[in-house]
Amino acid sequence: MSKFTEKIAAFTERHPTLYRCVVTGENVFKKAIFGCQDCGQCVLSYNAFVCCMRCPKQMRNGPCGGTRPDGHCEVYPNRHCIWWLINKRAKWMRRQAKLRKYHVPVDRRLEHTSAWMNMFAGRILPIDLSRELHEVELPKREPPPKR
Ligand code: SF4
Ligand code: SF4
């Protein structure tokens with residue numbers, strides 16, 4: 001994002017207790033509001049603020065193709081398909097352009113790390129509140145130290 005945010009991330013990652021506090025705070029907030037699954041590489045702002053990792057197949061670039069005609073999930077017929085919900089919300093929020101973004105496969109090394117710090121460090125896409133799609137080039141960065 002910027003040299004300043006990179007410094008904040010580096011400082012936080014050097015201090016395990018501080019880092020754990022950030023991860024816990026982030027989890028409490030995002031689990032309660034978005035049902036966050038702790039992937040560490042947040043794409044909420046691209047998916048109309050619906051967490052795509054709640055999909056049982058963890059599809060990050062659209063539905064699996066098995067969505068039932070009534071919009072329910074093929075794996076859990078009692079739940080709506082997450083991508084059905086994302087599309088519905090994106091239409092309501094007029095954020096459909098954002099859905100055109102292709103997301104790289106999940107980097108499992110980032111699971112259970114702080115997506116906020118990963119964003120500050122420039123490892124993952126920044127939160128983008130605009131409705132238009134902007135391409136962002138991400139440099140290759142190592143994951144944070146293992147805890
Ligand atoms: S995309 Fe990842 S970090 Fe963001 S809310 Fe979903 S699981 Fe959590
Ligand atoms: S139907 Fe939707 S929620 Fe269910 S597995 Fe397929 S993409 Fe995921």
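The shell around ligand 2 is made up of 10 nonpolar, 2 polar and 2 charged residues, where Ala, Val, Leu, Ile, Met, Phe, Trp, Tyr, Cys and Pro count as nonpolar, Asp, Glu, Lys and Arg as charged, and the others, Gly among them, as polar. This is a predicted model, in which local features need pLDDT of at least 70 and side-chain atom pairs count only at pLDDT 80 or more, while totals for chains, interfaces and linings use all residues. Residues are numbered from 1 along each chain as its sequence is written, and chains are lettered from A and ligands numbered from 1 in the order in which they are written.

**Ligand 2**
- Among the 14 residues around ligand 2, those that come nearest are Cys55, Pro63, Cys64, Cys73 and Cys81, a residue being near a molecule if its C-beta atom, placed from the backbone, lies within 6 Å of it.

**Helix α2**
- Helix α2 covers residues 16–34, and its 19 residues should span 27 Å at 1.5 Å a residue, which agrees with the 26 Å between its end C-alpha atoms; the expected span is 1.5 Å times one less than the number of residues, and helices are DSSP runs (H or I, at least four residues) numbered from the N terminus.
- Tyr19, Val22 and Val23 are the buried residues of α2, where buried is 20 or more other C-beta atoms within 10 Å of a residue's own, exposed is 12 or fewer, and partly exposed lies in between, with C-beta atoms placed from the backbone.
- Seen down the axis of α2, these buried residues fall within an arc of 95°, so they line one face of the helix; the arc is that of the directions from the helix axis to the C-beta atoms.
- The face turned away from the buried side of α2 carries exposed residues, including Leu18, Val28 and Phe29.

**Nonpolar core**
- The largest nonpolar core has 28 residues, of which Cys52, Ile82, Ile86 and Met117 touch the most other members; such a core is a set of buried Ala, Val, Leu, Ile, Met, Phe, Trp, Tyr and Cys residues joined through C-beta atoms within 7 Å.
- The elements giving two or more residues to this core are α2, α3 (82–93) and α4, and α3 gives the most, with 5 residues.

- Arginine 94, in the loop between α3 and α4, has a positive phi near 55° and is exposed, with 10 other C-beta atoms within 10 Å.
- Histidine 112 is found in the loop between α3 and α4 and has a positive phi of about 65°.
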